[in-house]
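Trainee: Could you take me through one part of this model in detail? I'd like to look closely at the charged pair first, and then at what surrounds it in the rest of the fold.

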Amino acid sequence: MHDEFVANLRLLCSYYPSIADVRRRLPMNRAQFNRYLSGRYYPSHAALQRICHFLGVTADDIALPHQDFRALVISCVRWSVWRSATAA
């Protein structure tokens, strides 16, 4: 589960210009966020909730197996793009 969290967090961060951008927007200490990204630490409940809220997922979502999570994210991105295109 820990490895899944790291892979899923990295995937979500890839939709932003940089990791530093994500960290600044949270806001979260650089060293602490890097520990989560490296897999050395798992966030506390409060930190996990803050990360998930900012990234638009639930704690259950971000703990999914990476392939399942990736499919979920891709389907949400496609839906968002389609919805934007049809609203115009």
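**The salt bridge and beyond**

Mentor: There is one salt bridge in the structure, and keep in mind as we go that this is a predicted model. The partners are Asp21 and Arg25, whose side chains come together at 3.2 Å, N to O. In general, side chains of opposite charge can pair when their charged atoms come close. Both residues sit in helix α2, which covers residues 19–25, and they are four residues apart, about one turn of the helix. Have a look at how Asp21 is placed, too: its relative accessible area is 13%, and Asp21 counts as buried because that value is under the 20% cut-off.

Now for another charged residue, Arg10. You'll find Arg10 in helix α1. Arg10 has 46% relative accessibility, so it counts as partly exposed, a class that runs between 20% and 50%. Setting aside its neighbours within four places in sequence, Arg10 makes contact with Leu37 and Ser38. As for Tyr36, it is 26 residues from Arg10 along the chain, and the C-alpha atoms of these two are separated by 9.7 Å.

Tyr36 also takes us to the largest nonpolar core. That core has 21 residues, and the members touching the most others are Leu9, Phe33, Tyr36, Ile51 and Ile62. Helices α1 (2–13), α3 (30–38), α4 (45–55) and α6 (66–87) each give two or more residues to this core. The biggest share comes from α1, with six residues.

Leaving out residues up to four places away in sequence, Ile62 touches Glu4, Phe5, Asn8, Leu9, Leu12, Leu48, Cys52, Val57 and Phe69.

Since Cys52 has come up, let's check the cysteines. Cys52 is buried, at a relative accessible area of 2%, and Cys13 is buried as well, at 3%. If you were wondering about disulfides, a search of the whole structure finds zero.

Terms used:
Residues numbered from 1 in each chain as written. Predicted model: local features only at pLDDT ≥ 70, side-chain atom pairs only at ≥ 80, totals over all residues. Heavy atoms only, no water. Core = buried A, V, L, I, M, F, W, Y, C linked by side-chain atoms within 4.5 Å. Buried < 20%, exposed > 50% of the residue type's maximum accessible area, 1.4 Å probe, protein only. Contact = heavy atoms within 4.5 Å. Disulfide = S-S within 2.5 Å. Salt bridge = Lys/Arg side-chain N within 4 Å of Asp/Glu carboxyl O.
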